[in-house]
Each structure stands twice: as C-alpha cells, then as structure tokens.
Amino acid sequence: MIRLAVLADLHANLEATLAAHADVQRRGITELWVLGDLVGKGPRPREVLEWTEANATRVIQGNWDARVAGATNRPQDLWPRSKLSPEQLSYLAALPYGIEEQFGGAWWRFVHASSKGLFHRLYPHSSLAEQLDAYAPNPQFALRQHADALVYADVHETLMLDVEGRPLINCGSVGNPLDSTLPSYLILEFDPHGPAHSATFVRLTYNRDAEIAAAEASGMPFTREYIAELLTGAYQKRRARTGE
C-alpha cells in the first residue's frame, strides 16, 4: 500500500506538531505531506518551520504563510515575520500552490484553501456548484488536471464528502483545531494495483499546557484569543485593542 500522512494548519503550535509527528513515526509512515499554514497564530513559527523543512516530504503554501511572507501587514503577520530569517521568509513565499498526483489511475489534488485562490474558502456548506468547480483545472496556480479527488485544509474542520462520485476531504488542523480541542491529521492509503483507497482521521492529545505556557511567554499579539481557541476549539475573532 502507498501511505501518506497529510498534516495542515500547524500554526506555529510546536507541541501539537511534535505529537502528530511522533504518531506518524509510530505508524511507520514515511511520506508526510503538509498542506500549508505552518506559521501564524501560535508562538513558535521558527521552530515549526524548521521542523517542516526537516521532516515533510511535500509542502504547499497556506494563506497565513503568504501573509507572514509579506502579502499583508496585520499585527498577527508582523510578529511571526520578525521571528523568521530572510531565508525562511523566502521559503514560505516560494512554496507551491498545490500538488496533483495520480493514485490508482485517479488524479488527486491537494490544496490549502481551494482551487481558486489562497483566500477563497471552500466550506462544508458550500453549494454543489462551488464544490464541483473545485475539481476543475486552474492553470493560474499550475492545477492542470481535472481532479477526481480533492484534499484540502484551511477551515480547521475534518470533512469527508462524496461530491457526485468525487471524494472531498478536509484533513483538519494539527495546531489550531476548530471542530474539537484535539489535533487531527489524515492518513491516506492507496492500492498500487487498483482504484481502492482508504482515508482515516487521527485525533491525538498533546502537551497543551506547555503550548499555552509558550504562548504566554512569547509576547505575541492576540495571545488570549489563541489560548481560548486551544482550550475551547471555538474560533475567536481577532480585533486590535488599544489602551492595553
């Protein structure tokens, strides 16, 4: 069997990233793909980026990676940018948009947010027309095949749908899950001699207290919102505060 561990939305959460990696290693999986958002939100962007460079076999760009590399200049972009070297920022900026590979005679596409752009979100409740459009080629982002299956991230919620015979799978988030407090990643297995595949979601515990302590000591913006998301699994709207 061909086995892939698909991780995404690490969000500079080193403790969750290391826990997921240990689980991948325990299972003997050597292909580890990361579908973007290595940095942003969390307290240790440099360490998580270094982990990714050392351990991931394939990596694509997420919207936070593009923002931190220079696409936008919000407070939550500037702080992690200040922690990274020029070479690391160049690495984030140069990451590819997506991956297209054939498994079992089918074209599988892997992107961060959608096939239309890093800041175009594909939701579980998106219309059937929007979902079907996600499989179409988009040469602007080097997506040249008509995909038979789509794996993505970005919304931080695990998802598995059948879109008129085409798998639509979201791997969830390792570092910032918003459908649970437990990190998740995806294991894909393909039969090299036929069209069969399996998709398994993995949930795991990690040293959340250590991650919270790192956030509290970091001086990063929106620490309270980040910690609240780790504790509740509920999204916290980030608004700049004054007078604090």
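Which helix gives the most to the lining of the largest cavity?

Good morning. This is a predicted model, in which local features need pLDDT of at least 70 and side-chain atom pairs count only at pLDDT 80 or more, while totals for chains, interfaces and linings use all residues. Residues are numbered from 1 along each chain as its sequence is written, and side-chain values use heavy atoms, with hydrogens and water left out.

Let us begin with strand β6, residues 149-152. Strands (E, at least two residues) and helices (H or I, at least four) are DSSP runs, numbered from the N terminus. From β6, A149 and V151 point one way, and L150 and Y152 point the other way. All four are buried, that is, under 20% relative accessible area with a 1.4 Å probe and protein chains only.

β6 pairs in the parallel sense with strand β5, residues 106-111, over three bridges; pairing requires that DSSP find at least two bridges between the strands. Here A149 is the bridge partner of W108. Between β5 and β6 the chain passes through helix α6, residues 128-133, in a right-handed β-α-β crossover: with the strands pointing away from the viewer, the path from the first strand over the helix to the second runs clockwise. β6 also pairs in the parallel sense with strand β8, residues 166-171, over three bridges, and there L168 is the bridge partner of L150.

G105 is exposed, with a relative accessible area of 63%, where exposed means over 50%.

I now turn to the cavities. A cavity is a set of points on a 1 Å grid over the protein atoms alone where a 1.4 Å probe fits but cannot get out, and its lining residues have an atom within 4 Å of a point. The whole structure holds two cavities of 30 Å³ or more, volume being the space filled by probe spheres set on the points.

To answer my opening question, helix α4, residues 75-83, gives the most to its lining, with three residues. Among the lining residues are Q76, W79, P80, F222 and R238.

The second largest cavity has about 60 Å³ of space. Its lining includes S114, H120, E130 and D133.

Thank you for your attention.

How values were computed
On a 1 Å grid over the protein atoms alone, a cavity is a set of points where a 1.4 Å probe fits but cannot get out, and a pocket is an open set with protein on both sides within 12 Å along at least five of seven lines; lining residues have an atom within 4 Å of a point.
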